[in-house]
Amino acid sequence: MALRDVKPTRSELINLKRKIQLSERGYKILKMKRDGLILEFFKVLADAKDCKGDLLKKHARAVEMMALANTVEGAIGVKSAAFSVKEVPQIALKSKNIMGVVVPQIESSKVRKTLADRGYGVLGTSTVIDETASAFEELVEAIIISAEIETTMKRLLDEIEKTKRRVNALEFKVIPELTAARDFIKMRLDEMEREELFRMKKIKARSTS
């Protein structure tokens with residue numbers, strides 16, 4: 001806001017004071033939101049660290065079991081068991097609200113299966129196949145949890161950055177400019193009042209002489 005464009009009137013002064021109050025109130029609310037979002041982000045970050053460690057461990061376990069199954073049953077036996085599965089995992093994507101930020105909530109079913117649900121004959125396969133299937137089912141569950149957490153973190157980070165920009169704009173641009181305009185008007189009104197007072201004194205002096 002350029003000061004040369006500011007009209008030094010009392011109505012403009014009242015208007016500016018109202019804008020400053022609204023801006024300061026908005027600034028406080030946005031600061032609280034930003035701080036709250038940061039707290040929520042660190043909570044999710046703690047979960048993400050645990051989740052990542054668990055995911056890596058389950059991935060390593062699944063790879064190890066696959067190598068063992070290929071050794072014991074052979075690649076054809078493993079593929080045959082894999083193709084026997086009829087029930088595939090079901091994913092339902094919902095959402096939840098964290099301080100005004102919509103984040104995903106992933107619900108899964110039919111990830112872990114019983115021996116009967118896996119489809120292959122228990123008599124024709126070894127327990128290594130069962131353990132390999134269990135290892136990969138656990139890995140899929142970990143991937144689903146990780147996807148939800150990582151997407152939540154990204155959306156929270158985006159909202160934190162957006163809120164920070166708005167807070168900074170109010171703190172370093174909007175409020176200082178409004179305050180400078182208010183002070184300019186007050187100064188000009190005071191000058192005009194002194195000029196008017198001086199003019200009235202001169203008129204009075206002339207009339208009495």
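In this predicted model, the largest pocket is lined by 18 residues. Those nearest its centre are Ala82, Val85, Ala133, Phe136 and Glu137. The volume of this pocket is about 390 Å³. Helix H1 (10–83) and helix H3 (127–208) each contribute at least two residues to the lining, and H3 provides the largest share, with 6 residues. The lining of the largest pocket divides by residue class as follows.

| Class of lining residue | Number |
|---|---|
| Nonpolar | 13 residues |
| Polar | 1 residue |

The nonpolar cores come next. The largest nonpolar core comprises 13 residues, of which Ala69, Tyr120 and Ile129 touch the most other members. H1 and H3 each supply at least two residues of this core. Apart from it lies another core of 12 residues, including Ile98, Val101, Ile149 and Ile160. In soluble globular proteins, nonpolar side chains tend to be buried together.

The surroundings of Tyr120 can be set out in detail. With neighbours within four places in sequence left aside, Tyr120 is in contact with Ala81, Ser84, Leu115, Thr125, Ile129, Asp130 and Ala133. Of these contacts, Ile129 is also named among the core members that touch the most others, while Ala133 is among the residues nearest the centre of the largest pocket.

The count of aromatic pairs comes to 1. This pair joins Phe41 and Phe42 in an edge-to-face arrangement, at 5.8 Å centre to centre and with 70 degrees between the planes. Phe41 counts as buried because its relative accessibility is 11%, under the 20% cut-off.

Terms used
Residues are numbered from 1 along each chain as its sequence is written. This is a predicted model: local features need pLDDT of at least 70, side-chain atom pairs count only at pLDDT 80 or more; totals for chains, interfaces and linings use all residues. Side-chain values use heavy atoms; hydrogens and water are left out. On a 1 Å grid over the protein atoms alone, a cavity is a set of points where a 1.4 Å probe fits but cannot get out, and a pocket is an open set with protein on both sides within 12 Å along at least five of seven lines; lining residues have an atom within 4 Å of a point. Grid points are joined across faces, edges and corners, and a volume is the space filled by probe spheres set on the points. Helices (H or I, at least four residues) and strands (E, at least two) are DSSP runs, numbered from the N terminus. Ala, Val, Leu, Ile, Met, Phe, Trp, Tyr, Cys and Pro count as nonpolar, Asp, Glu, Lys and Arg as charged, and the others, Gly among them, as polar. Rings of Phe, Tyr and Trp (its six-membered ring) pair if their centres lie within 6.5 Å; planes under 30 degrees apart count as stacked, over 60 as edge-to-face and the rest as tilted. Buried means under 20% relative accessible area, exposed over 50%, partly exposed in between (1.4 Å probe, protein chains only). A nonpolar core is a set of buried Ala, Val, Leu, Ile, Met, Phe, Trp, Tyr and Cys residues joined through side-chain atoms within 4.5 Å. Contact means heavy atoms within 4.5 Å.
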